[in-house]
Amino acid sequence: MNILGIETSCDETAAAVVKEGTTIAASVVASQIEVHRRYGGVVPELASRKHIEAIVPVVDEALNKSDLFLRDIDAIAVTRGPGLVGALLVGFSFAKACAYALEIPWVGVNHLEGHINSVFLEPDPPSFPFVALLVSGGHTNIYHVTSHITVELMGQTRDDAAGEAFDKVAKMLGLGYPGGGVIDRIARAGDPARIKFPRTYLDKSGFDFSFSGIKTAVNRYIMNHKDHLKDQIPDIAAGFQEAVMDVLCYKAIHAAMRKGCDRIALVGGVAANSRLREKLRSDAQRKGICVHIPSLHLCGDNAAMIAAVGYHYLKAGIVSDLQDDVFSRNR
Ligand code: KG4
Ligand code: ZN
């Protein structure tokens, strides 16, 4: 089955062609970072407008790269939510119209289930059940995953998402937007132990997160050390990153132990973080847990993961119809 995947939930217009839910024939991601950078965050109206401009060329490019024609596409999978409503509507309406015209089935899928399924686009995917740590700009969630389309939320952030904290701290340090990748890079030159930022575990036996406290602590540190800030940026970045990663790794490993799982999938934009990739692997190994992390191009938003999860909905006979609509938040 050749599935055309479409993703427009935030600031990436993406299309992909995936065969049998696992083999990527083509994956195209058009980023809008340049449009939003000067505002220091995603501007929803601009995002919608850019999606409208990009959707047709991006789908065309994905088809060209896959060496397939529209008539070879058996079904369409598209992100239904969560995300920015105006942005989602562009991809969702496009998918509806395209499937209607081609007289093929289509299915609207959950973006977060897409991230979880990104590990199945890699050669050595985890077996079920496993625990997924999903860390992105909008979410920090822990799931118990028992099938491609059966996921139980075990915990989530009560305030900021981990990626959002990275972006805000980068902004405070004048490192630009988005900040995750820059902090990752600069932290390599810093000492993670010199400045001790707080680790917020909340209830240590639970799986919820909170990242607003550490953000405030970094801000306070910056205010108190204004004079010699420049020299300290690598240590601040490293100290902040280490504090966030300590909590993420602790909770993911404890969730796996609670559920008796010997596998963890690390997914979402922040899964691109080099320290998190290394630390979760080594901490988990000590507990006999194997960690699956997608390649960098599958960590951030992409449409291959949407096609991958869509495949399993379609195989289960679940399809969408023209009355269906997008949703902004998980219900
Ligand atoms: O999954 P994603 O592409 O979009 C959402 O669905 O949110 O995640 C984007 C987030 C941003 O907050 C970005 O700063 C963060 O992922 N990010 C990183 C890294 N690369 C991207 N955070 C930490 N380290 C990185 N290397
Ligand atoms: Zn995402």
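**Note on the cavity and the ligand site**

1. About 30 Å³ of space lies in the largest cavity of this predicted model, in which local features need pLDDT of at least 70, side-chain atom pairs count only at pLDDT 80 or more, and totals for chains, interfaces and linings use all residues. Residues are numbered from 1 along each chain as its sequence is written, chains are lettered from A and ligands numbered from 1 in the order in which they are written, and side-chain values use heavy atoms, with hydrogens and water left out.

2. A cavity here is a set of points, on a 1 Å grid over the protein atoms alone, where a 1.4 Å probe fits but cannot get out, and its lining residues have an atom within 4 Å of a point; the volume is the space filled by probe spheres set on the points, which are joined across faces, edges and corners.

3. The lining of the largest cavity includes P198, F211 and V247, and helix α8 (residues 229–259; a DSSP run of H or I, at least four residues) gives the most to that lining, with three residues.

4. Around ligand 1 there are 17 residues, of which the closest are G137, D167, D184, G269 and N273, where a residue counts as near if one of its heavy atoms lies within 4 Å.

5. Among the polar contacts (pairs of N or O atoms within 3.5 Å), an oxygen atom of ligand 1 is 3.0 Å from a polar backbone atom of G269, and an oxygen atom of the ligand is 3.4 Å from an N or O atom in the side chain of H115.

Terms used. 1 Å grid on protein atoms, 1.4 Å probe; cavity = no way out; pocket = protein on both sides within 12 Å on 5 of 7 lines; lining within 4 Å. Helix = DSSP H or I, 4+ residues; strand = E, 2+ residues; numbered from the N terminus. Polar contact = N/O pair within 3.5 Å; in protein donor to acceptor, adjacent residues only side chain to side chain.
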